[in-house]
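We will walk through the model one stop at a time.

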Amino acid sequence: MIALWDNLSALSQDILLTLLLLSPSLVVGTIALYGYAPWSLVRAILWRFRGSSILFVLLIAISVGMGVGLLAQERGVRRSTAQAADKFDLIVSAPGSELTVMMATVFLQPTDMPLLDGETYNEIANHENVSIAAPLAFGDSYGTASVIGTTAQFARYLADDQINGRMWKTSHEALVGALVPLKVGESFTPAHGHGDGAEADAHEGSNLVVVGRLAPTGTPWDRAILVPVELVWEVHGLGNGHAPERRDQIGPPFSAKYFPGTPAVIVRSEALWANYALRSEFTRDRETMAFFPGAVLAQLYRLLGDIRQIMSLMAVVTQILVAAAVLLGLFIISRLFHRQIALLRALGAPARFIVSVVWCFGASLLLAGSVLGLVIGIGAASIFSGVVTARTDILVTASLGMSEIHLLAGFISVTLLLSLVPAAVVLRQPIVPGLRA
């Protein structure tokens, strides 16, 4: 049996698990409704007490929406952060914290980092298995956009060669990300530093002209301004990485003697195995550190696994509390039509028919609330995704997954089983006091 289950596709396993979670409620519903058609009576009761029924449906919908939205949002953040690091196959930097370097290079979080020298960069760039070796230069900004010095090759690779305009030809031309509020043809002067501490007049006279806009990437680089790395070095008085006789050159090769240094080098190889070989080769004690950003994210996800479990536990606890509230609510609502049920019993209605009416009434409210809650959860996750995207510049998309379906299926089964309790209690109540109510 286990071997058969393992041979099934992931989708088939998810569908079977969903049906398994729903099976108790389907069995109970079949037994309760077999041979009876209480729909007209249930519809009349729902309309008679529509105000209370609507409030009850909204209570269920909000609780279900909270659980669905919570799980969908967490998964969306994981997927989006992983996609943000997709273009960064391998990063080489000075030894230190991999997480710090990743946050600076992939997510553009300002930080101080030691520099790699020109000999190290040239060794990386001239390696036979390296197709891209892009130095990065941080430190400047324009408004909320980071100004990043790099090479034209990396800029094209980042945007998949989709540039509205053209590539820079001089050191005073720039490319802007999809979310930068600058148009092609506009000029600006970068500030030194970031945020409130930025020095707006530190690079006065270093006007840059926007010559192209990169295609959207769904990463923080959409709010970055890319310039030739030579410019960033020059405005800080560090030279431009080239010998004096080649001072007008833009891009590699760089002279090791005149190379000002770079905090990180983005490395890409066409062969997957070569990336692992490069990581091993450029991981050297006290010299360089090479790592995969995806591996660092995976480690971070493992560290945050407890948080995911806590979030899932919170969602389950919420559903348990709501299930208890549903049970209490069904008791209260069943009191509203206690007289009608007593009349049916006085007229000789079978006990199982009474159970079918009460259970069907509760099931209608629960299913309506669950479906509405699913819609609310998806909507809430989309709103939260928009907020996270605006705050982090990482395109977060939260969509409905099988985890949410399983949570909802389990909730429906448990609550529909609990709906039998009010029906059983109704049958134990005396008929005459009910008729006098």
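This is a predicted model: local features need pLDDT of at least 70, side-chain atom pairs count only at pLDDT 80 or more; totals for chains, interfaces and linings use all residues.

Residues are numbered from 1 along each chain as its sequence is written, and side-chain values use heavy atoms, with hydrogens and water left out.

**Stop 1: a surface patch.** Select Ile54, Leu55, Leu58, Ile62, Met66, Leu372, Val375 and Ile376, which form a nonpolar patch on the surface. Two helices, α4 (50–84) and α13 (351–392), each supply at least two of its residues; helices here are DSSP runs of H or I, at least four residues, and strands are runs of E, at least two. Which helix gives the largest share of the patch? α4 does, with five residues.

**Stop 2: helix α14.** Now colour residues 402–418, the 17 residues of α14. Among the buried residues of this helix are Leu407, Leu408, Phe411 and Ile412, where buried means under 20% relative accessible area (1.4 Å probe, protein chains only).

**Stop 3: the largest pocket.** Finally, select Thr111, Ala137, Phe138, Gly139 and Pro263, which lie nearest the centre of the largest pocket among its 23 lining residues. On a 1 Å grid over the protein atoms alone, a pocket is an open set of points with protein on both sides within 12 Å along at least five of seven lines, and lining residues have an atom within 4 Å of a point. Strand β2 (132–142) is one of the elements that supply at least two lining residues, and β2 gives the most, with four.

Notes:
Patches are made of residues with over 30% relative accessible area and no salt bridge: like charges are joined within 9 Å, nonpolar side chains (Val, Leu, Ile, Met, Phe, Trp, Tyr) within 5 Å. Accessible areas come from the Shrake-Rupley method with a 1.4 Å probe; for residues, only the protein chains shown count as cover. A salt bridge is a side-chain nitrogen of Lys or Arg within 4 Å of a carboxyl oxygen of Asp or Glu. The expected span of a helix is 1.5 Å times one less than its number of residues. Buried means under 20% relative accessible area, exposed over 50%, partly exposed in between (1.4 Å probe, protein chains only). On a 1 Å grid over the protein atoms alone, a cavity is a set of points where a 1.4 Å probe fits but cannot get out, and a pocket is an open set with protein on both sides within 12 Å along at least five of seven lines; lining residues have an atom within 4 Å of a point.
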